[in-house]
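Here is a friendly briefing on the model shown below. Have a look around it first, and then let us walk through the sheet, the core and the charged pairs together.

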Amino acid sequence: MIHADGIDAVTDADFAQEVLAADRPVLVEFTADWCGPCRQLAPVLSAVAAEEAERLKVVQLDVDSNPEVMIRYGVLSMPTLMVFRDGEPVKSMVGARPKRRLLQELEDVIGR
């Protein structure tokens, strides 16, 4: 998995505890080693995680080793970014994007 600095990895086994039961919104990046755009997104996610740590938890899920969660939420493309709040998916975005655009797309979920 292409690991973004400062971001925890979640698995099929701990997804419910780390994401669904979280006390704030969680941005999950569904990623894979073979995904080129995931490499571009890694520094963006690291920056967003650092800047929005109080309002947003950011995690990564390697789809090759954790297919269960990927299948459950119908993820077909990498990277898929999915925001979960109160145990439910509330937003889904596909593809890499610059930090400014990602933050704009997250405004309605994390508030400004």
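This is a predicted model: local features need pLDDT of at least 70, side-chain atom pairs count only at pLDDT 80 or more; totals for chains, interfaces and linings use all residues.

**Sheet**
- Strand 1 and strand 3 (residues 57–62) run parallel and are joined by 3 bridges.
- The open sheet has 5 strands, ordered 1-3-2-4-5, with mixed pairing.
- Strand 1 (8–10) and strand 5 (88–94) are the edge strands, each pairing on one side only.
- From one strand to the next, the twist averages 30 degrees.

**Helices on the sheet**
- Helix 2 (residues 36–51) lies across strand 2 (26–31), strand 3 and strand 4 (80–85), and runs at about 165 degrees to strand 2.
- Helix 4 (residues 99–110) also packs on the sheet, where it touches strand 2, strand 4 and strand 5. Its direction makes about 165 degrees with that of strand 5.

- In soluble globular proteins, nonpolar side chains tend to be buried together.
- Here the largest nonpolar core holds 39 residues, and those touching the most other members are L27, V28, F30, M78, L102 and L106.
- Two or more core residues come from each of helix 1 (15–20), strand 2, helix 2, strand 3, helix 3 (67–72), strand 4 and helix 4.
- Helix 2 gives the largest share, 7 residues.
- Neighbours within four places in sequence aside, V28 is in contact with F15, V19, V59, L61, T80, L81, M82 and F84.

**Salt bridges**
- Side chains of opposite charge can pair when their charged atoms come close.
- The whole structure contains 8 salt bridges.
- One of them joins the side chains of E18 and K57, at 2.9 Å from N to O. This pair links distant parts of the chain, with E18 in helix 1 and K57 in strand 3, 39 residues apart.
- E18 counts as partly exposed because its relative accessibility is 25%, whereas K57 is buried, with a relative accessible area of 17%.
- Another salt bridge brings together the side chains of K99 and E51, at 2.4 Å from N to O. K99 sits in helix 4 and E51 in helix 2, 48 residues apart.
- K99 counts as partly exposed at 30% relative accessibility, and E51 counts as partly exposed at 46%.
- E105 forms a salt bridge with R97, whose closest N and O atoms are 2.5 Å apart. R97 is buried, with a relative accessible area of 7%.
- R97, R101 and E105 belong to one network, joined by salt bridges that share partners.

Note on methods: Residues are numbered from 1 along each chain as its sequence is written. Side-chain values use heavy atoms; hydrogens and water are left out. Two strands pair if DSSP finds at least two bridges between them. Helices (H or I, at least four residues) and strands (E, at least two) are DSSP runs, numbered from the N terminus. Axes are lines fitted to C-alpha atoms, for helices over the stretch in contact, and angles run from 0 to 180 degrees between N-to-C directions. Contact means heavy atoms within 4.5 Å. A nonpolar core is a set of buried Ala, Val, Leu, Ile, Met, Phe, Trp, Tyr and Cys residues joined through side-chain atoms within 4.5 Å. Buried means under 20% relative accessible area, exposed over 50%, partly exposed in between (1.4 Å probe, protein chains only). A salt bridge is a side-chain nitrogen of Lys or Arg within 4 Å of a carboxyl oxygen of Asp or Glu.
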